[in-house]
Amino acid sequence: MTGADRVVIVLAALLVGVAAGAYWQPRTVADRVEVQVGDGAPQVYSLDAQRHIEVHGALGTSILEIEDGRIRFVSSPCRNKVCIHSGWLSMSGDATACLPNRVTIALLGHGAPEIDAVSQ
C-alpha cells in the first residue's frame, strides 16, 4: 500500500462521515396524517384528537382509528388485511396502504421524512 492509497482511504472515510452527518436525521413523532383515496385530493387530520375516520375506497369502506398521537387501520374490505396487520403508526415518515382499496396513509411531522425507496 502506497502513501497515495492511504490518502485516498482517509479522504473516502472523511467523505462518508460528512455525508452521513449531513443527510442522516433522527425520526420525529408525527403530528398529522395525510389520507388519500385513489387519485383524489389528500385529506390531512391532526393526531391530537381521538377519532374514527371512514374512508370510502375502491372496494368499500376502510375505518381508521386515531388515538394517542398514532393511527391504524381498524377494518378494511380487502382480502388479506395487510393494512390492518401493519398496526399503529406514530413516527413522521411512517406510511401504509390498503392497495386493493386504494387507500394510503402517511404521517407528517416537523422533521424530514425518512424515505427508503421511491417507486412509480
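Buried denotes under 20% relative accessible area, exposed over 50%, and partly exposed in between (1.4 Å probe, protein chains only). The model is predicted: local features need pLDDT of at least 70, side-chain atom pairs count only at pLDDT 80 or more, and totals for chains, interfaces and linings use all residues. Residues are numbered from 1 along each chain as its sequence is written, and side-chain values use heavy atoms, with hydrogens and water left out.

Select Ser-76 to begin. Ser-76 sits in the loop between β5 and α2 (82-85); helices (H or I, at least four residues) and strands (E, at least two) are DSSP runs, numbered from the N terminus. Because its relative accessibility is 6%, Ser-76 counts as buried. Its side chain makes a polar contact with the side chain of Ser-62 (2.9 Å); such a contact is a pair of N or O atoms within 3.5 Å, where within protein one must be able to donate a hydrogen and the other to accept it, and residues adjacent in sequence count only if both atoms are side-chain atoms.

Next, select Glu-65 in strand β4. With 8% relative accessibility, Glu-65 also counts as buried, and its side chain makes a polar contact with that of Arg-72 (2.8 Å).

Finally, select Val-33, Leu-64, Ile-71 and Ile-105, the residues with the most contacts inside the largest nonpolar core, which has 17 residues. Such a core is a set of buried Ala, Val, Leu, Ile, Met, Phe, Trp, Tyr and Cys residues joined through side-chain atoms within 4.5 Å. Strand β7 provides the largest share of this core, three residues.
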